[in-house]
Amino acid sequence: MGSRTLTGPQLFLLGGSFLITLGSFAVLPYMSVLLHDRFGLGLGVVGAVLAVASLVQFSGGVVGAALAARIGLRATMLVALAVRTAGFAAFVPGLTRPVVAVAALFLVSCGAALYLPANKAYLVAGCGPERRPGLLAASGSAFNAGIALGPPAAAPFVLTSPAGLFTGVAVLFALVGAGHVLLPSVADESVGVKDTTAEDKTVEDRTGEAAGVAAGSGLPPFAFTVLAVYVFMFFQHYLALYAVPRTSTAFYGAVLMGYAILLVVAQPLLARRLAALPYATALRLGFGAMAAGTAVLALGGRAGIAVGAVLLCLGEIVLFLKNDLEALARSAAPSATVFGRQRLAAGLGAFAAAVVGGQLYGVAERAAAVPVFWLVVSAQAVVLPALLVVWARGSARRRAGDGPVAAHRPR
């Protein structure tokens, strides 16, 4: 999607998305170090604080959607950026007061929860289905570019001059927020179906029962998002523990950088093809890539880790984008509401992975069989989506059996 197809506000939002994640990830990846080493908090306390903050950041998207419905998209983004600016600024006095630092972290998390649904809804406002894949893919690439560059950009300053780093990030957010003031107001309207029942019938007539089940309600895209993030977060949380002892810190950093570059470049290039794929096919490809990637990780070594990361990146590209597109297309709710629900789904998946993953990895480590951990994750990537499809088909058949057509069927 070339820049000539983008409006000025869309270009600004994409640039702002990069700067926002650049600033956020200049700080957030180092919070465990700051809370533990600088403030002396125990690792258990640090883990609990970060887990709750992450859950707030994801699940609070539904609150952001509700606020957008009440005060509008632009106003919601302004409120969110004001909250995040205050949070990063509060880290400066928090350097000598742990309670203030924890409060600042929760302010930052709340601001992120409010911002993203409104940002994505504004980006696709007034756009037809042919433009949404490219816009959402470009948005994802902008966010991921900031995620990739933020930590190395801040590394020289985190421990030596954190006050200057926090001040700089707060100023950056204030400037981005000031730019949002100049955005024109837009209405947040549904970009999906208006009559869900009619849409379900159309989909079922076109692609058969299996596709109809996947499209039948807002639940499947939500549920498949939970599963996709659940599987992905095992990789996100535990690759460092697995890869660094088997290779090196430098190799692990190179893998992360390559992953980010592939994600940033490939997602926009594949967006239109992914949008054209039937949902069931995209699910098979995405979860298949994640299953294959985690299985390859079990081989260990540089080649296994690198190839596994590439496959997981492809799975992320397919599933994260396609689930958002399906959720939009099959909901009559405003776009911000849809994106808020998708953020909630991501939060549930990430939280479940954190709870389950720690236990599984601990068992595998104690048994000196850590590669088996990745095989268990691979099996989940195959079995859990299949179980969800079976459950959805059963639910659809039960609903059909209770419907008016079944009531008049000859016995």
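Modeller: A residue counts as buried when its relative accessible area is under 20%, as exposed when this is over 50%, and as partly exposed in between, with a 1.4 Å probe and protein chains only. This is a predicted model, in which local features need pLDDT of at least 70 and side-chain atom pairs count only at pLDDT 80 or more, whereas totals for chains, interfaces and linings use all residues. Residues are numbered from 1 along each chain as its sequence is written, and side-chain values use heavy atoms, leaving out hydrogens and water.

Biologist: Is Cys 127 buried or exposed?

Modeller: Cys 127 is buried, because its relative accessible area is 9%. Cys 313 is also buried, because its value is 0%. Across the chain, 49% of the 411 residues are buried.

Biologist: How many disulfides does the structure hold?

Modeller: A disulfide is a covalent bond between the sulfur atoms of two cysteines. Here the test is a pair of cysteine sulfur atoms within 2.5 Å, and the structure holds zero disulfides.

Biologist: How many helices and strands make up the secondary structure of the chain?

Modeller: Both are DSSP runs numbered from the N terminus: helices (H or I) have at least four residues and strands (E) at least two. This chain has 17 helices and zero strands.

Biologist: In which helix is Asn 119 placed?

Modeller: Asn 119 belongs to helix H6, which covers residues 98–124. With a relative accessibility of 1%, Asn 119 counts as buried.

Biologist: What is the phi of Ala 368?

Modeller: The phi of Ala 368 is near 55 degrees, a positive value in a residue other than glycine. Ala 368 lies in a loop, with helix H15 (335–366) on one side and helix H16 (370–401) on the other.

Biologist: Is Ala 368 buried or exposed?

Modeller: Ala 368 is exposed, because its relative accessible area is 72%. By contrast, Asn 119 is buried at 1%, as is Cys 313 at 0%.
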